[in-house]
Amino acid sequence: MIMAVSKEKQNGILALMRECGDIILSAHAVETQSGAITVKPGEANFVTVYDVRVQEILIGGLRALFPDAYFYAEEKDNSAAAPAEGLCFFIDPIDGTTNFIHNMQCSAVSVGLYENGVPVFGAVYDPYRGEMYHAARGKGAYLNGDPISVSSRPLEKALISVGTAPYNRAHADQTFQRMCRVFLRCADLRRCGSAALDICWVACGRTDAYFEDVLSPWDYAAGALILKEAGGEVTTYAGQPHKPGEKASILCSNKVLHQTVLELINE
Ligand code: LIP
C-alpha cells in the first residue's frame, strides 16, 4: 500500500530545499576558494564544499521528517543496495555542479522520494530563477504552485535538450551522432548542463524532449515523476521504464515525440 506524502511533509521538504537554494546563491567565486573543489572519478567530475554542505542539510532535515528513510545521494557512498521496501530518497544536492563552479546560474537541488520502489514525491528547485517544480504521485505537476503540462509540439517545431554524459566520454561519438540525427529533424538543440532542469523544462512545455546516454538516479528521480505527472513520457533508450536506483540512458518527451526520437536515437 503506497501512502501519500502529507501536505505538511511536502511543505517541509520544499522549505528545506529553499534553504539549500539560499546556500547556493550565497556562493561567490567558488574557484578562488582554497580547497573548495575536489575531483571525483570520471572526466571533469567535480564536487564542491557547497555540494557536501547542501547534502548534509538535506539529509539531516529529511531524516527529521522521515526517520525510517534510506538515502541515495550523489556525494555519499551508495554501494549498499537500497532496501526494496520502505522509503528511499534520491538526492542531488547541486545538479549542474560544473555550471555552479562557473557561475553559469543554471543548477538545481533535486529530491526524489520512492516508497516500496515506486516514486511518490519529487521536487526540483532552481534558486537562480526562484522556480520550484514538484509533484506527488497521482496529483499533477506544479511550478511555483501553478499546474504545468508538457507541450504538444511536433518534431519539426521542437526544441530538444541533450546531455553529453561528460563523466562517460566513451559515449561521446554515439552521443554526437545521435544529436546530429535529431538536430536534422527538429527546430534546434539545447544543452543546459543540469539534467534535473532539462527534465522539468520538458514538463512545463519550454522544451519538448531531452536525452542523455548515461544519467545517475539522483539526476532524474525527482524530475521523472514531475514529467510523468505533467503528461510526459520517460524511458531508457530501450523504451523501458527505469528501475529504482538505475544508472541508465534516458529519453524524456512530451509523449508526442517519444517513439520518433527513440527511433532516431537507436538508428
Ligand atoms: C550532471 C547533470 C548533467 C549531466 C552530467 C551530470 P551533476 O549532474 O546535471 O546534465 O550531463 O552528466 O550528471 O553531476 O552536476 O550533479
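In what order do the seven strands of the open sheet run?

1. The order is 3-4-5-6-7-8-9, with mixed pairing. Strands here are DSSP runs of E, at least two residues; helices are runs of H or I, at least four; both are numbered from the N terminus. Two strands pair if DSSP finds at least two bridges between them. Strand 3 (70-73) and strand 9 (146-147) are the edges, each pairing on one side only.

2. This is a predicted model: local features need pLDDT of at least 70, side-chain atom pairs count only at pLDDT 80 or more, and totals for chains, interfaces and linings use all residues. Residues are numbered from 1 along each chain as its sequence is written, and side-chain values use heavy atoms, without hydrogens and water.

3. Look at strands 6 (residues 118-126) and 7 (residues 131-136). They run antiparallel, joined by six bridges. Val124 has Tyr133 in strand 7 as its bridge partner.

4. Now the pocket. A pocket is an open set of points on a 1 Å grid over the protein atoms alone, where a 1.4 Å probe fits, with protein on both sides within 12 Å along at least five of seven lines; lining residues have an atom within 4 Å of a point.

5. The largest pocket has 30 lining residues; Asn45, Glu74, Pro166, Tyr167 and Asp219 lie nearest its centre. Domain 1 (7-147) and domain 2 (155-265) both contribute to the lining, so the largest pocket lies between them. The domain bounds come from an automatic or database assignment.
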